[in-house]
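Subject: Handing over the model

Dear colleague,

Please find below the sequence and structure that I promised to pass on to you. My notes on what was found follow directly after.

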Amino acid sequence: EASKKITYLNSNHDNFLTRWLSGPSHMWRLHRNYADAVELQLYRAKTGKHPIIKLLDLESFPNVKFIPESASYYVGKVHVRHGHEGLLGARVGFITSAKTYNFFVQGHLHSPAVYRNAAMAGLTSKLDAEYSIGASNWLHANVLIQPDNSVQLLNIIRGVWK
């Protein structure tokens with residue numbers, strides 16, 4: 001049975017929204033979603049929360065917990081992060097982080113991997129993004145964290161976990 005608790009890890013990919021809302025107002029005033037932009041700006045100003053929470057209506061789901069991009073989050077002993085920020089804010093690779101935290105799960109790099117007690121998830125978006133050119137090692141993949149803190153990589157091939 002799937003967990004009844006869902007954790008939404010904010011990532012640099014979600015921050016397109018804050019960048020857009022923080023940009024020059026003429027950019028979103030002319031956009032056909034002006035009313036939505038104003039509503040999201042008001043939500044952020046009134047609550048101090050990330051506007052993606054309002055956009056995805058995460059507050060209407062009591063089992064969803066929102067974790068900011070730079071926050072530490074643990075599932076048992078396993079340190080889980082998007083992976084955009086490394087140690088002390090520096091950008092470091094998956095192996096360095098896996099050695100540092102021992103039990104570790106990250107995303108960000110779009111390419112699944114396993115190293116000792118650590119795993120890197122793939123992605124859940126399009127594999128052929130318009131900015132990716134040529135061959136790619138990107139793959140749809142999830143990470144399952146077991147009760148004993150071990151991690152299992154679940155690759156998704158043609159929509160099926162393998």
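Which residues make up the largest nonpolar core? In this predicted model, that core has 10 residues, namely Tyr8, Leu17, Leu21, Ala37, Leu40, Tyr43, Ile52, Ile53, Leu58 and Val64, where a nonpolar core is a set of buried Ala, Val, Leu, Ile, Met, Phe, Trp, Tyr and Cys residues joined through side-chain atoms within 4.5 Å. Two or more of these residues come from each of α1 (16-22), α3 (34-47) and α4 (51-55), and the largest share, 3 residues, is given by α3. Ile53 touches Tyr43, Leu58, Glu59 and Phe66, not counting residues up to four places away in sequence, a contact being heavy atoms within 4.5 Å. There is also a second, separate core of 8 residues, which includes Tyr73, Val80, Val105 and Ala119.

Before going on, two conventions: residues are numbered from 1 along each chain as its sequence is written, and side-chain values use heavy atoms, with hydrogens and water left out. Local features need pLDDT of at least 70 and side-chain atom pairs count only at pLDDT 80 or more, whereas totals for chains, interfaces and linings use all residues.

Helices (H or I, at least four residues) and strands (E, at least two) are DSSP runs, numbered from the N terminus. In α3, Ala37, Leu40 and Tyr43 are buried (under 20% relative accessible area; exposed is over 50% and partly exposed in between, with a 1.4 Å probe and protein chains only). Seen down the axis of α3, the buried residues fall within an arc of 125°, taken from the directions from the helix axis to the C-beta atoms, so they line one face of the helix. The face turned away from that buried side carries the exposed residues Ala35, Ala45 and Lys46, and just after α3, Gly48 takes a positive phi of about 75°.

Turning to the strands, β8, β9 and β10 form an open sheet in the order β8-β9-β10 with antiparallel pairing, two strands being paired if DSSP finds at least two bridges between them. Because β8 (141-145) and β10 (160-161) stand at the edges with a single partner strand each, one side of each is left without a neighbour in the sheet. Strand β9 (residues 151-157) is joined to β10 by 2 bridges, and Ile157 has Val160 in β10 as its bridge partner.

Finally, Gln106 lies in strand β5 (residues 104-106) and is buried, with a relative accessible area of 3%. Leaving aside neighbours within four places in sequence, Gln106 is in contact with Arg81, His82, Gly83, Phe94, Ser97, Ala119, Met120 and Ala121.

With kind regards
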